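Good morning, colleagues. Please look at the sequence and the structure on the screen while I speak.

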Amino acid sequence: MADPSESSIDPKSPSVHGSELSPGAVSRRAVLKQVAAIGAGAALSTGSVLAAMPRVDSNPKRGRIDVHHHMLPPFYLDLRRAVPDAGKMPKWSPAQSIDDMEKNGVSTAMLSLAVSGVTFDAGESGRSLARKSNDFGAQLVKDNPASFGLLAALPLPDAKGSLVELEYALDTLHADGIALLSSYGDKWLGDADYAPVFEELNRRKAVVFVHPNAPNCCANLQAHVPASTMEFLFDTTRTIESLLMSGTFSRFPNVQFIFSHGGGAMPLLANRMARLFPKDLAAQAPKGVLYEIKRQYYDTASASNPTSLKALLSIVPSSQVLFGSDFPFLSAGDPASDLMSSGLPDNTLEAINRENAARLFQRPHS
C-alpha cells in the first residue's frame, strides 16, 4: 500500500504537475486545493465557482470509470478517530482524487464511504451520519459532474431508516447507486431483516456496491493481521453465500450487485459452493448457484494481479468485471498497470475499464 502522504498536495505550490495539465485543469485543481485547506464547509459551497470552470475531461469517451473509489469527509474521519483501534486512515481531498484520476486515465469515480460505512452509531446517529455523508457526496457530484458519481450510504442494520434514506438518496440526490457493507455485526446481507430494503432496491432496479467488513465473529482472529489482509475477502464470500442461501439473489433479480476485490475468495470457492449447496435449499437458487454468481458484477481493486484476474475470469464473463482502484488506500495506477500488461484483448480491456460500468450506470459515452 502506498504511503498516503505521497499523494498529499501542497496548496501553496503553484506548479503541481503544471507542465502536464491544461490551464483549465490546473485552475480547477487549485480551487479544489483551497477547498480542502479550508475544510468541509467550503466544500459544500463551491458550486458556483467550479461550475464556471472547464471539466477536467471534456471528452471522457475512452476514460476509465472507477467503481471503487472512497471519499473521506472530515466529519467521518473525526468519528472514526474516536473509535478504539480503528486504524490509521490516509489523507484525502477531492483534489487528491482528481489528481490520481488524471494521472491514470480515470474520467469518472463513483464515490462511496470507506470501511465501516455509517456503522459507528445506531438509531438517529446512524441516520444522521448517512444523510450528512450523502449530502456531502452529492455536492461533490454537483460541483464535478464529469468526474464523480455517488454510491450513497444507508444506515443498516436499521432497515426502516435505510428505506427512508434510500428514497432520499435516489429521488432527491439522484445517486447512481447504493453502497452497503458485506456484514453488520453478525448478520450478512441475506438476513431476513434486510429483505424489505432489498425488495425496494429490486423495485428500483438499483445498483448496489458491496464493500467488505469484519464481522463480530471474525475480527482480530490473529494478532497483527489487519482485517483487510484476509478477513475482508472471506466476508465478501460469506455474504455472497448468504445471498444465495436466502434466495435474495433469485427473489430480487433486478438488484445489480457489485462485489469488491474480485468477489474476495469466491472465484476459488465458486464450484465448491455450487457442488455443496444444500439440496433442501435448491428452491432458493432455482437456476443454479453458478448462474447467480455469473450475473453479478465484480471490481478489480486488489484483484487485477494475474492470479486473481485469471481466477475471476474463469468463473464470470468479462462483461461482469469493472475497474476499481480502492483510492485513496491505493492508486488507480495499480489496477490500470496490471490490466494493461494482462494480455487481455483490447476490446475486453475497454469493457473492463469503462464500457461495462457505462452500461451498468447508463453513463454517456461522450
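This is a predicted model: local features need pLDDT of at least 70, side-chain atom pairs count only at pLDDT 80 or more; totals for chains, interfaces and linings use all residues.

The protein has 366 residues, of which 53% count as buried. Its secondary structure comprises 15 helices and ten strands. As for contacts with a separation of 6 or more, 77% of them are between residues 24 or more positions apart.

Let us turn to the sheet. In what order do the strands of the open sheet run? The order is S1-S2-S3-S4-S7-S8-S9-S10, which makes eight strands, and the pairing is parallel. At the edges are strand S1, residues 64-71, and strand S10, residues 321-322, each of which pairs on one side only. In general, strands of a sheet pair through backbone hydrogen bonds, either parallel or antiparallel. For one example of the pairing here, take strand S8, residues 256-259, and strand S9, residues 297-299: they run parallel and are joined by two bridges. Ile 258 stands opposite Tyr 297 of S9.

The largest nonpolar core has 72 residues. Which residues have the most contacts inside it? They are Leu 180, Leu 201, Ile 240, Phe 257 and Ile 293. The helix that gives the most to this core is H6, residues 123-143, with five residues. Apart from that core lies another, of 14 residues, and Tyr 297 is one of them; Phe 209, Leu 322 and Ala 358 are also among its members.

Met 266, Ala 270 and Met 273 bring us to helix H11, residues 266-275, where they are buried together with Pro 267. Why do the buried residues of H11 line one face of the helix? Seen down the axis, they fall within an arc of 95 degrees, so they line one face. The face turned away from the buried side of H11 carries the exposed residues Leu 268 and Arg 275.

Helix H13, residues 306-313, can be read in the same manner. Its buried residues are Leu 309, Ala 311 and Leu 312. These cover an arc of only 165 degrees around the axis, which puts them on the same side of H13. The cover over the buried residues of H13 includes H11, S9, S10 and H14. On the face turned away from the buried side, H13 carries the exposed residues Pro 306, Thr 307 and Lys 310.

Is Ser 107 buried or exposed? Ser 107 is buried, with a relative accessible area of 2%. This residue is found in strand S2, residues 106-113, and its side chain makes a polar contact with the side chain of Arg 354, at 3.2 Å.

Pro 90 is found in the loop between helix H4, residues 74-81, and helix H5, residues 94-103, and is buried, with a relative accessible area of 6%. The C-alpha atom of Pro 90 is separated by 6.6 Å from that of Pro 328, although the two residues are 238 residues apart along the chain. Pro 328 itself lies in the loop between S10 and helix H14, residues 333-340. The peptide bond from Phe 327 to Pro 328 is cis, with omega near 10 degrees. Another cis peptide bond runs from Leu 156 to Pro 157, with omega near 15 degrees. Pro 157 has its place in the loop between strand S3, residues 148-153, and helix H7, residues 159-172.

Asp 326 is found in the loop between S10 and H14, and its phi is near 75 degrees. Lys 205, in the loop between helix H8, residues 195-203, and strand S7, residues 207-211, has phi near 55 degrees.

Thank you for your attention.

Definitions and conventions:
Residues are numbered from 1 along each chain as its sequence is written. Side-chain values use heavy atoms; hydrogens and water are left out. Two strands pair if DSSP finds at least two bridges between them. Helices (H or I, at least four residues) and strands (E, at least two) are DSSP runs, numbered from the N terminus. Buried means under 20% relative accessible area, exposed over 50%, partly exposed in between (1.4 Å probe, protein chains only). Contact means heavy atoms within 4.5 Å. A nonpolar core is a set of buried Ala, Val, Leu, Ile, Met, Phe, Trp, Tyr and Cys residues joined through side-chain atoms within 4.5 Å. The arc is that of the directions from the helix axis to the C-beta atoms. A polar contact is a pair of N or O atoms within 3.5 Å; within protein, one must be able to donate a hydrogen and the other to accept it, and residues adjacent in sequence count only if both atoms are side-chain atoms.
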